[in-house]
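This report describes how one chain is folded and packed. Please keep the sequence and the 3D view at hand while reading.

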Amino acid sequence: MMEAVKRGVMLINTSRGALIDAEAVIAAAKETGRIVTAEEGILYGGLGSAVAEVTAQHAPVPMRMLGLPGFAPTGSVDFLFEHFGLTGAGIAAAARELLGK
């Protein structure tokens with residue numbers, strides 16, 4: 001995690017059961033200039049959508065949203081996480097994509 005901090009990465013852990021912390025999202029958008037969301041559920045109407053709504057209104061930034069597109073193939077949790085980029089490597093790849101690397 002320290003290497004990530006050196007590269008300007010910020011982690012905000014949120015529970016979908018609670019309201020989104022709009023102030024934290026806006027601060028992260030302004031500080032980092034990009035956002036990647038990762039969720040173990042369907043993308044539409046999920047965390048990524050909520051973050052996009054906040055940033056669109058207050059601090060527009062490029063985003064990548066990782067999660068299930070609505071239909072998921074049958075498979076183990078490990079397979080599904082790998083398939084949809086919900087692993088550490090997948091999340092890092094999405095961040096690198098936003099950085100143009």
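## Burial and basis of the model

A residue is called buried when its relative accessible area is under 20%, exposed when over 50%, and partly exposed in between, with a 1.4 Å probe and protein chains only. By that criterion, 29% of the 101 residues of the chain count as buried.

The model is predicted, and local features need a pLDDT of at least 70, side-chain atom pairs count only at pLDDT 80 or more, while totals for chains, interfaces and linings use all residues. Residues are numbered from 1 along each chain as its sequence is written, and side-chain values use heavy atoms, with hydrogens and water left out.

## Confidence

The pLDDT, the predictor's confidence in each residue on a scale from 0 to 100, averages 85 over the chain, and 88% of the residues score at least 70. Helices (H or I, at least four residues) and strands (E, at least two) are DSSP runs numbered from the N terminus; confidence is lowest in helix α1 (residues 2–6), at a mean of 43, and highest in helix α3 (residues 47–58), at 94.

## Fold and helix packing

The chain has 5 helices and 2 strands, which follow one another along the sequence as α-α-β-α-β-α-α. The axes of helix α2 (residues 22–32) and α3 come within 10 Å and cross at roughly 65°, where axes are lines fitted to C-alpha atoms, for helices over the stretch in contact, and angles run from 0 to 180 degrees between N-to-C directions.

With contact meaning heavy atoms within 4.5 Å, Ala-22, Val-25, Ile-26, Ala-29 and Lys-30 of α2 meet Val-51, Val-54, Thr-55 and His-58 of α3.

## Nonpolar cores

A nonpolar core is a set of buried Ala, Val, Leu, Ile, Met, Phe, Trp, Tyr and Cys residues joined through side-chain atoms within 4.5 Å. The largest such core has 10 residues in all, among them Val-25, Ile-26, Leu-47, Val-54 and Met-63, and the elements that give two or more residues to this core are α2 and α3. Apart from it lies another core, of 6 residues, including Leu-66, Phe-84, Leu-86 and Ala-94.

## Val-25 in its surroundings

Val-25, in helix α2, is buried, with a relative accessible area of 7%. Leaving aside residues up to four places away in sequence, Val-25 touches Ile-12, Ile-20, Ile-35, Val-51, Val-54 and Thr-55. The C-alpha atoms of Val-25 and Thr-55 are separated by 7.3 Å, although these residues lie 30 residues apart along the chain.
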